Amino acid sequence: MTSRPTVSVYSNDTEKVVGSATMPAVFTAPIRDDLVQFCHGNMAKNRRQAHGVYFKAGHQHSAESWGTGRAVARIPRISGSGTSRAGQGAFGNMCRKGRMFAPLTIQRKWHRKVNLNQKRNAVASALAAAACGPLVMARGHKIDDVPELPLVVDHLNSEKTSALLKSLDNLGVAGDLSRVRNNKTTRAGNCKIRNGRFTIRKGPLIIYGDDNNAVKRSARNLPGVDVCCVSRLNLLQLAPGGHLGRLVIFTQDAFAQLDNIFGTYRTRGVAKSGFQLGRNMMTCADLARIINSDQIQSKLRIERKNFEISSRGKKNPLTNKTAMQRVNPAAKALKAAEEKSLAVRKSTRAAAVKAKRSKAGRKEKAIRSKRQAGLDQGLEKSFKDAHQAVLDEIKAGLYKVGGDDDEEKEEAE
């Protein structure tokens with residue numbers, strides 16, 4: 001988008017400026033990338049041709065389902081017998097020689113209707129983007145030698161292609177033309193078999209008026225160069241692929257007709273039946289600069305901070321130390337005492353383990369083990385002696401097994 005009052009007009013024979021022209025209002029139109037992509041995506045579908053498969057493809061078999069009860073799928077099967085083909089599935093997209101899934105038909109919606117006012121605003125946005133150097137460079141055009149954007153030339157009414165090529169070189173477009181020639185590559189895929197064998201970049205677009213009709217013939221053999229009449233501006237040429245910023249060369253007579261076609265902000269367009277240019281929502285799109293300006297910052301209030309505890313949510317005292325200290329003021333002292341006692345227990349245990357594993361500790365353990373072993377042997381011997389005494393009494397008839405129980409019963413009675 002540009003807002004200069006005038007633009008220079010360059011000669012096609014030399015690099016000199018031969019005059020000036022008033023900047024049309026269409027170059028100040030808002031650049032709507034979303035609108036351009038939407039219109040281009042729909043308009044590009046209007047050149048498609050309907051295609052589809054044969055409506056009987058995959059269904060030209062004598063096949064019928066066997067139904068249920070035979071432990072096979074209910075897909076239709078080839079009738080007959082005696083061949084391997086009989087009994088095979090048919091018709092389904094998963095079957096051999098079956099139809100495809102969702103067959104393409106010519107009855108589908110191939111073309112799209114786009115609102116006329118949307119298309120006009122999209123063309124105005126594409127023209128405004130053509131006058132913005134960064135957008136043109138971002139699209140890939142080489143404009144290092146281009147003196148000015150939009151680029152206006154007095155005329156390009158040359159009968160010879162060589163003369164037109166020389167004029168384009170004088171305007172500084174030679175770098176872009178060489179970029180187009182050097183990037184011709186073979187297309188990947190099967191389309192190379194048909195009519196799209198090569199891919200080539202887009203070069204400059206020449207927009208001419210009624211006084212430069214000869215440029216249509218002279219530019220036909222220049223790769224990447226397109227021509228378009230100013231009264232038939234096409235969004236598919238101004239923004240190929242839906243991308244803004246194509247390098248556009250205007251002839252002086254075409255440049256002078258833009259105000260009559262698109263109108264200004266005071267008058268409506270004549271050629272487009274009263275079309276009104278859209279206005280920008282913001283004069284300055286630098287939002288950060290607007291917000292940080294002194295005029296805005298002086299009117300802003302101070303940021304409000306909330307110090308209320310209730311609005312911050314309830315904290316769990318078991319997981320939040322501050323909340324626990326508020327509930328139990330002695331929590332910090334108790335926590336410290338617990339940590340101190342834990343440290344004391346840990347150090348005491350470490351000292352005990354160290355003493356136990358020392359030489360003196362091992363010696364004391366050996367003494368204790370020996371003494372315990374002696375006690376175990378003495379206890380076992382005393383049990384054996386007592387058992388032997390009982391056996392001797394039984395043998396001598398001095399002890400009767402179960403006699404004590406009978407005596408206790410008699411005494412109880």
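Helices (H or I, at least four residues) and strands (E, at least two) are DSSP runs, numbered from the N terminus. This is a predicted model, in which local features need pLDDT of at least 70 and side-chain atom pairs count only at pLDDT 80 or more, while totals for chains, interfaces and linings use all residues. Residues are numbered from 1 along each chain as its sequence is written, and side-chain values use heavy atoms, with hydrogens and water left out.

**Helix 4**

A residue is called buried under 20% relative accessible area, exposed over 50%, and partly exposed in between (1.4 Å probe, protein chains only). In helix 4, which spans residues 161–170, the buried residues are Leu164, Ser167, Leu168 and Asn170. Seen down the helix axis, these buried residues fall within an arc of 155°, so they line one face of helix 4; the arc is that of the directions from the helix axis to the C-beta atoms. Ser162 and Lys166, on the other side of helix 4, are exposed. With contact taken as heavy atoms within 4.5 Å, the buried residues of helix 4 pack against helix 5 (174–182), strand 8 (205–208), helix 6 (215–218) and strand 10 (248–251). Helix 4 is followed by Gly172, whose phi is positive, near 85°.

**Salt bridges**

A salt bridge is a side-chain nitrogen of Lys or Arg within 4 Å of a carboxyl oxygen of Asp or Glu, and by this rule the count comes to six salt bridges. The table lists some of them.

| Pair | Closest N and O atoms |
|---|---|
| Lys202 and Asp226 | 3.5 Å |
| Lys384 and Glu380 | 3.8 Å |

Lys384 and Glu380 both lie in helix 14 (residues 359–396), four residues apart, which is about one turn of the helix. Lys384 is exposed, at 55% relative accessible area, and Glu380 is partly exposed, at 45%. Asp385 and Lys381 likewise both lie in helix 14, four residues apart, or about one turn; Asp385 counts as partly exposed at 42% relative accessibility, and Lys381 is exposed at 52%. Elsewhere, salt bridges that share partners join Lys202, Asp226 and Arg246 into one network.
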